[in-house]
Amino acid sequence: MSWFGEIEFDSASRLWLLTVVGVLLIAYVVVQRRRGTYALRFSDTSLLDNIAPKRPGWRRHVVAVLFLASASMMVVSFAGPYRFEVPFRATVVLTIDTSLSMGATDVAPTRFDAAKQAAKDFLTDVPDSVDVALISFDEFPVVQVAPTDNRAAVAAAVDALELGPFTGTGDAIVASVGTIVDTGRAVRDENGDPTAVVVLLSDGEPTIGRSIDEAIAAAVDADIEISTVALGTPFGEVEIEDPEVPGTFFSQPVPVDEVTMETVALGTGGEFFTTDSFTDLAEVYRDIGTALGEEPVRKDEDDWFVGFALAGVAVTALLSLTWFQRLP
């Protein structure tokens with residue numbers, strides 16, 4: 001929405017005074033049309049250039065329009081314009097594990113489907129003042145959506161996530177931190193509270209890429225907290241196809257790795273959560289998102305309209321003195 005579209009008024013009824021300005025404009029147009037008629041009826045236009053070589057012409061209309069525009073600005077200011085604005089925009093990076101172990105069914109319907117649905121519910125609940133980014137990771141991290149207020153774009157990216165081999169948790173953390181740093185925004189407010197966080201959801205041990213210690217160091221250097229969610233139970237299993245015997249599947253235990261998630265949260269100053277239900281996961285996401293949202297604050301805008309009115313009056317006076325040697 002544009003700046004003007006966000007404007008509200010303390011006394012919107014005072015805007016009816018703008019009709020007075022409109023009536024003055026109509027009266028001016030009528031007077032000018034009647035003056036033209038009289039001039040043609042009683043004057044010999046061929047002599048005008050000799051009698052009045054410096055006629056005001058279009059200049060008098062400019063002065064009149066500027067005067068009425070200034071009057072309009074005064075009326076708007078009199079109505080008490082204001083708007084609400086958010087002091088700053090917060091950022092949440094949703095970093096979701098898409099490794100094959102997320103296909104386990106110990107969380108209904110699966111860990112992966114629960115994570116996707118909780119992420120979409122989070123997009124519905126998160127305050128408007130929070131931009132959301134989405135990063136997925138298995139063998140490599142992928143920035144699916146950079147920080148944005150476009151919830152539909154993030155939701156579509158969540159729906160399109162697919163599972164893949166390996167778990168590059170360390171690389172995912174570094175990519176998430178880099179995504180926030182790239183925005184150029186402050187990561188803490190004037191009180192030292194975080195304005196940008198990473199929410200890392202995973203279930204298994206890292207199997208590839210940077211170490212967790214390296215990743216934690218990168219987050220600490222950037223002063224970015226990482227809250228973590230360990231999703232699943234110690235009894236999760238997935239069916240994996242035997243690469244040596246295509247078409248043959250075997251059951252692979254994939255117990256949730258709470259130690260890694262807790263280590264990341266403690267090492268970066270974030271919060272650690274563990275859950276094995278969609279309901280609890282959705283609640284965790286909701287709490288993290290709403291904690292970052294800022295309440296809009298009122299900002300009076302009458303100074304702008306007073307300034308426009310004073311500038312308009314000054315220009316009107318200057319032009320009138322320059323062109324006609326008198327004030328309007």
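Biologist: Let's start with two helices, H4 and H9: which residues in H9 does H4 meet?

Modeller: Keep in mind that this is a predicted model. On the H4 side, the residues involved are Ala114, Ala115, Gln117, Ala118, Ala119, Asp121, Phe122 and Asp125. By class, the contact of H4 with H9 has nine nonpolar, three polar and three charged residues. The partners in H9 are Phe278, Leu281, Ala282, Tyr285, Arg286, Gly289 and Thr290.

Biologist: And at roughly what angle do the axes of H4 and H9 cross?

Modeller: Two packed helices are described by the angle between their axes and the distance between the axes. H4 covers residues 111-125 and H9 covers residues 278-292. Their crossing is right-handed. The axes come within 9 Å, and the crossing angle is roughly 35°.

Biologist: Staying in H9, is aspartate 287 buried, partly exposed or exposed?

Modeller: Aspartate 287 is found in helix H9, and its C-alpha atom is 18 Å from that of glutamate 262, which is 25 residues away along the chain. Buried would take a relative accessible area under 20%, and exposed one over 50%. Aspartate 287 has 43%, so it counts as partly exposed.

Biologist: Which residue in S2 is the bridge partner of glutamate 8?

Modeller: S1 and S2 run antiparallel. Glutamate 8 has as its bridge partner tyrosine 82.

Biologist: What kind of aromatic pair do tyrosine 82 and phenylalanine 84 make?

Modeller: A pair of aromatic rings is described by the distance of the centres and the angle of the planes. This is one of three aromatic pairs found in the whole structure, and phenylalanine 84 is partly exposed at 43%. The ring centres are 5.8 Å apart and the planes stand at 90°; angles over 60 count in this class, so the pair is edge-to-face.

Biologist: How about tryptophan 304 and phenylalanine 308: what kind of pair is that?

Modeller: Both sit in helix H10 (residues 302-324), and because they are four residues apart, about one helical turn separates them. Phenylalanine 308 is partly exposed at 42%. Ring centres lie 6.3 Å apart with the planes at 40°, so the pair is tilted.

Biologist: How many of the eight residues of S3 are buried?

Modeller: Let's check both faces. Ala90, Val92, Leu94 and Ile96 are buried on one side, and Thr91, Val93, Thr95 and Asp97 are buried on the other. S3 is therefore largely enclosed by the rest of the structure, and the count of buried residues is eight.

Biologist: Which residue in S4 is the bridge partner of valine 93?

Modeller: S3 and S4 (residues 130-137) run parallel, with eight bridges joining them. Valine 93 is among the buried residues of S3. Its bridge partner in S4 is alanine 133.

Biologist: Now for the backbone: what is omega for the cis peptide bond between alanine 108 and proline 109?

Modeller: Proline 109 is placed in the loop between S3 and H4. The cis bond joining alanine 108 to proline 109 has an omega of about -10°.

Biologist: Last one: what is phi of phenylalanine 166, roughly?

Modeller: Phenylalanine 166 lies in the loop between H5 (151-159) and H6 (169-181), and is partly exposed at 44%. Phenylalanine 166 is not a glycine, although its phi is positive, at about 75°.

Technical notes. Residues numbered from 1 in each chain as written. Predicted model: local features only at pLDDT ≥ 70, side-chain atom pairs only at ≥ 80, totals over all residues. Heavy atoms only, no water. Axes fitted to C-alpha atoms, helices over the stretch in contact; angles between N-to-C directions. Left-handed = near helix turned anticlockwise from the far one by under 90°. Contact = heavy atoms within 4.5 Å. Nonpolar A, V, L, I, M, F, W, Y, C, P; charged D, E, K, R; others polar. Buried < 20%, exposed > 50% of the residue type's maximum accessible area, 1.4 Å probe, protein only. Pairing = 2+ DSSP bridges. Phe/Tyr/Trp six-rings, centres within 6.5 Å; stacked < 30°, edge-to-face > 60°.
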